[in-house]
Amino acid sequence: YTPSDNALFYALYSRGFSLGGANIAPTIQAGGTVPPSWGPSKLYNYELGAKTAWLDHRLLVDVTPFYTYWQDIPLSLISSGTSFSYEANIGSSHSYGVEGSITAQPVKHLVLTNSFTYMRAVLGDSYTPGGGAAEIPGGTSLPGTPRLQLSSLITYKWRMGSLPYHASLVNRYLGSAGSSIQSPNVKQGGYDLMSVRGGVVLGDF
């Protein structure tokens, strides 16, 4: 829906499907706790979005809230009493949050871009791996899903002779998240990554 040249609102529904597979870890050697395979899973995604332009398109603001339901999610587990890693369908998961970006051009050659993602991704119901392994309670955060991610980009563009140049400074923050569904308190992430890049456009080839 586009009420004007400076605004666009949209709704999105999408779904996906992934195949299952076979576990390499031998079931017998792992004490019978490793399933021989894991099954397929389905994912359903819902989004509402707004893209807006302000100040003669020198300020762009985008916001997208979202919700994702993952049915029969496959995750890596560790067999109880062994070091075998295997895949298993552990039920459903729910992910919800919002992402957005702000892009501003305060002067002619300078562009500032900031983006963010806030997300909460959790296991829907409790799951017991079997073989004496501890129960994974519903509401446990999914591994590798930090609640907050931030990105900042400063780009300067100029010309020397007939060639356009650009240089950028980038900073990305990745929040901490559990490294495993069975060990949600063992964190990874929680750091900033900074980089510098530049380039020149020589022409079409």
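**A chain built from strands**

A compact globule of 205 residues would have a radius of gyration near 17 Å, but this chain has 23 Å. The model is predicted. Along the principal axes, the C-alpha atoms fill a box of roughly 70 × 40 × 35 Å. Buried residues account for 27% of the 205 residues. The exposed surface comes to about 12,500 Å², with 60% of it supplied by carbon and sulfur atoms.

Now look at the secondary structure. The chain has 14 strands and 0 helices. Read along the sequence, the pattern is β-β-β-β-β-β-β-β-β-β-β-β-β-β.

How are strands held side by side? Strands of a sheet pair through backbone hydrogen bonds, either parallel or antiparallel. In this chain, an open sheet of 8 strands runs in the order 1-4-5-8-9-10-11-14, and the pairing is antiparallel. Strand 1 (7–18) and strand 14 (191–200) stand at the edges. Each has a single partner strand, so one side of each is left without a neighbour in the sheet. From one strand to the next, the twist averages 15 degrees.

Strand 10 (residues 148–160) and strand 11 (residues 163–174) pair in the antiparallel sense over 12 bridges. Lys157 stands opposite His166 in strand 11.

Another pair is strand 12 (residues 177–180) with strand 13 (residues 183–188). These two are antiparallel as well, over 3 bridges. They form a hairpin, with 2 residues between the strands. Here Ala177 has Gln188 of strand 13 as its bridge partner.

Next, the aromatic rings. A pair of aromatic rings is described by the distance of the centres and the angle of the planes. How many aromatic pairs does the whole structure hold? A search finds 5. One is formed by Tyr44 and Tyr69, with ring centres 6.3 Å apart and planes at 25 degrees. Planes under 30 degrees apart count as stacked, so this pair is stacked.

Tyr44 lies in strand 4 (residues 41–54), and Tyr69 lies in strand 5 (residues 59–71). The pair therefore ties together parts that are 25 residues apart in sequence. Is Tyr44 buried or exposed? Tyr44 is buried, with a relative accessible area of 19%, because buried means under 20%. Tyr69, at 25% relative accessibility, counts as partly exposed. Elsewhere, Tyr13, Tyr46 and Tyr67 form one aromatic cluster.

Finally, consider contacts across the chain. Among those between residues at least 6 apart in sequence, 54% join residues at least 24 apart.

Technical notes: Residues numbered from 1 in each chain as written. Predicted model: local features only at pLDDT ≥ 70, side-chain atom pairs only at ≥ 80, totals over all residues. Heavy atoms only, no water. Pairing = 2+ DSSP bridges. Helix = DSSP H or I, 4+ residues; strand = E, 2+ residues; numbered from the N terminus. Axes fitted to C-alpha atoms, helices over the stretch in contact; angles between N-to-C directions. Phe/Tyr/Trp six-rings, centres within 6.5 Å; stacked < 30°, edge-to-face > 60°. Buried < 20%, exposed > 50% of the residue type's maximum accessible area, 1.4 Å probe, protein only. Rg over C-alpha atoms; globule rule 2.2 N^0.38 Å. Contact = heavy atoms within 4.5 Å. Areas by Shrake-Rupley, 256 points an atom, 1.4 Å probe, with all protein chains shown as cover.
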